Amino acid sequence: MDKSPEIVITGLGVVSSIGSGIDAFWTSLLAGTSGILPYDGYTCDELVEAGVPNPFTGAVKDLDKKRIRPRKSIKVMARDIQLGVASADYAWENAQLNEKTVDPERQGIVYGAMMLMADLEEIIPLYKGATTSDGKFDASLFGNNMDAMYPLWMLKYLPNMTACHIGVANDLRGPSNTLVVGDTGGIGAVIEATRVIRRGAADVMYAGGCNSSAVPQASTHYKMFPVTQEKENVKNAYIPFDVNRSGMVVGECAGTTVLETRDSAEKRGVSIYGKVLGYGEATEAVWNPTLDFAPQKEDVTIQTEKFTGKCIENAIRIALERAEVKPEELAFVMANGLGSKFHDQMEAEAIAKVVGNEVPVTCVSSATGYAFAGSSAVSVVAAVVALHNGTIPAIVNSTNADPACPVKLVMGQSVAIPEDKKATLVISYNYYGQAAALVIGK
């Protein structure tokens, strides 16, 4: 990969169920803390009756809304947006952009987002308008009561609004873009932000991803995906790469990384946490009935057997080639870690084919709960912090490595990084055949 200009990482921000801000998040991660707990405010019977597949989620407990600027904008921010804006504020502060500024015309943003879940209270008027006199729901009437909706409610749920609000809060006047590509959005944002800087369109770029799925309606929506079958023991609910795993637990989180040219960082005199060495993106042809917009006459299912993991393998290979990094030079791999029997094995096999089975592999999804674009963004942040601090965090709650996953899994306790290991690999993929990989150097 062209090394001019060199892209470095100067700011990191995170909001998660195990802590917000780098220090709190990292301390919890090393301690093996899990943010996955039973849904707050609901009984198990209520959740079962509503069709929620399991009673657990990874919800952010104490979101510091003072991190959201300007405060008056909160009323037009969905939960996802609030998480993203708060994480960007941590990154802004961490990069010292509040003290050592850069020309606003030379700053921009790329952010990964998902479909945003509307608050139930806000869409009740729509359902009331589609209720017949005998109390039954009639889909043909849906939308007849739009006049009763909050006038600006649509602005709360547009995926591109996270990037917009971060841009307004930080006076970013350069390129602004949003990626709605599912799980890979957090890594994809870092890749695209790197490209923006390399082509000379900006000196500083915010990059990240966010998602809030820590509400029952989100869990019901995603039950078509490989969610956990565990309904009683929260510690066994989400255990990636463990022989006893049964699926993921949805949650919420956001991560933001500040990228800039080395020249810009040195002029500002700020700390450098790492550098972008290479990246890769790949796809495989996976037809999926969930993407078919024709009327569904039966329950939607995921045809997992059509996913081979080849897209993961190719993304890794491309990223390492561009970075000019050999597998033996990697300190560790930050994996996706969905927690399903099928997907974890596919991911592990793809890693082993390119990297081998001697490089340590970990993930952070079971600590925070799985939040799609938010999780891949937080994985980037966690990988940078781990490499910078010289420690690989263990996979939270996972204790018994599955022999069917042919990689060196970090379980039980954290592992020190040898001095000669200078790079890490971060991976993300989605169910329908897209994958992204990012190589970060010290």
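**Cysteines, cores and salt bridges**

Cys311 has a relative accessibility of 0%, so Cys311 counts as buried. The model here is a predicted one. What keeps Cys311 from bonding to the closest cysteine sulfur? Distance does: that sulfur belongs to Cys405 and lies 16 Å away, too far for a bond. Cys363 is in no disulfide either. For Cys363, too, the nearest cysteine sulfur is that of Cys405, at 11 Å. Cys363 has a relative accessible area of 1%, so Cys363 is buried. A disulfide here requires two cysteine sulfur atoms within 2.5 Å. By this rule the count is 0.

The largest nonpolar core holds 58 residues. Met248, Ile316 and Val355 have the most contacts inside this core. Six elements can be named as giving two or more residues to it: β9 (274–283), α10 (310–323), β10 (330–334), α11 (341–355), β15 (423–429) and β16 (434–441). Which element gives the most? Helix α10 does, with 7 residues. Ile316 shows what the packing looks like at one residue. Another core, of 50 residues, lies apart from the largest one. Its members include Ile18, Leu179, Ile197 and Ala331.

Now take strand β5, residues 107–112. Is β5 enclosed or open? Of its 6 residues, 6 are buried, so the strand is largely enclosed by the rest of the structure. In a regular strand, side chains alternate between the two faces of the sheet. In β5, Gln107, Ile109 and Tyr111 point one way. Gly108, Val110 and Gly112 point the other way. Both sets are buried. Strand β5 has parallel pairings with two strands, β7 and β6. The pairing with β7 (residues 204–212) runs over 6 bridges. The pairing with β6 (residues 176–179) runs over 4 bridges. Ile109 takes part in both: its bridge partner is Tyr206 in β7 and Ser176 in β6.

The whole structure contains 21 salt bridges. Start with Asp402 and Arg245, whose closest N and O atoms are 2.7 Å apart. What does this pair tie together? Asp402 is buried, at 9% relative accessible area. Arg245 is buried too, at 2%.

The salt bridge between Asp171 and Arg173 has its closest N and O atoms 2.8 Å apart. Asp171 is partly exposed, with a relative accessible area of 33%. Arg173 is also partly exposed, at 49%.

Helix α10 returns with a pair of its own. Lys310 and Glu313 both lie in this helix, 3 residues apart, or about one turn. They form a salt bridge, with the closest N and O atoms at 3.4 Å. Are these two residues buried or exposed? Lys310 is partly exposed, at 40% relative accessibility, whereas Glu313 is buried, at 7%.

Some charged residues link up beyond a pair. Glu6, Arg262, Glu266 and Lys275 are joined in a network of salt bridges.

Methods. Residues numbered from 1 in each chain as written. Predicted model: local features only at pLDDT ≥ 70, side-chain atom pairs only at ≥ 80, totals over all residues. Heavy atoms only, no water. Core = buried A, V, L, I, M, F, W, Y, C linked by side-chain atoms within 4.5 Å. Buried < 20%, exposed > 50% of the residue type's maximum accessible area, 1.4 Å probe, protein only. Pairing = 2+ DSSP bridges. Salt bridge = Lys/Arg side-chain N within 4 Å of Asp/Glu carboxyl O.
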